[in-house]
Amino acid sequence: VKLQGKGLLATEAPLTLPLGRDGLCFPLLEEVFFEFISANGEIKLIHELEVGNTYELVFSQKGGLFRYKNGDLVKVIQKFPNTKVPCLEFIGRAEKVSDMVGEKLSEEFVNSVFKKLSCDPKWDGIFYSYCFLLPYVDEKLESKYLLISELADGAFCNELEEELCKSFHYRRARALGQLSALELVKVDQLVSKIQNFFFKQKDMKIGDLKDFRLVTDPSLSKTFIHALELELSESIVH
């Protein structure tokens, strides 16, 4: 059975729909008027987008919501076959950055790293379950990121660290000793624990919980670790 992704659906409007066997996400041009904010702050219309670039969404919809900026970032993957319409892929949220010591890890960058690793056949098994990064300050006041996962191993953790070091600010923080190496914490039944945590903390419904690869709120990190009841000194795999 082939499962098809749902495209990009916001509470305020449907934005893209996967079409064809390749699952390319086509913008719903008759339902929404799109505008896009480029990396240098310019406003672009949909026919002005360039393949490979990332933009922040602004849209107006038939219900009267005008020029709404919802914080979603999309990347132009390619033009839809036989058209000039760009295919859009959701890659993260704008201005969602984790910054304990100046490493400035953005959700967009972390999502791209996980996506790259998920395409490597040797890591297939890891992505059957869930894994994400959590900023953490230990009892020695050392700042680091924890890879929270059910199936990851030390080799995957090391390769993930190499990819994170391709970010200039993260690499510099590691070189200066401001940030310790990425460490792995394995958690059984991780997905159910994530769901229980967010449902209780945020009073959320199942449909409201979206996938994430990076926790950017330091206070949320502390309560999440406490909720998981992790004994870090025993659970961390170096």
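Strand β3 (residues 32-37) pairs with strand β5 (residues 54-61) in the antiparallel sense, over six bridges. Pairing here requires that DSSP finds at least two bridges between two strands. Within β5, F59 is the bridge partner of F34. Strands of a sheet pair through backbone hydrogen bonds, either parallel or antiparallel.

The model is predicted: local features need pLDDT of at least 70, side-chain atom pairs count only at pLDDT 80 or more, and totals for chains, interfaces and linings use all residues. Residues are numbered from 1 along each chain as its sequence is written, and side-chain values use heavy atoms, with hydrogens and water left out.

Both strands belong to an open sheet of five strands, ordered β4-β3-β5-β6-β7 with antiparallel pairing. Its edge strands, β4 (43-44) and β7 (86-93), each pair on one side only. Helix α1 (residues 107-118) lies across β5, β6 (72-79) and β7, and runs at about 110° to β7. That angle, on a scale from 0 to 180 degrees, is taken between N-to-C directions of lines fitted to C-alpha atoms, for helices over the stretch in contact (heavy atoms within 4.5 Å).

The protein chain has six helices and 13 strands in total; these are DSSP runs, helices being H or I of at least four residues and strands E of at least two, numbered from the N terminus. Of the contacts in the chain with a separation of 6 or more, 51% join residues 24 or more positions apart.
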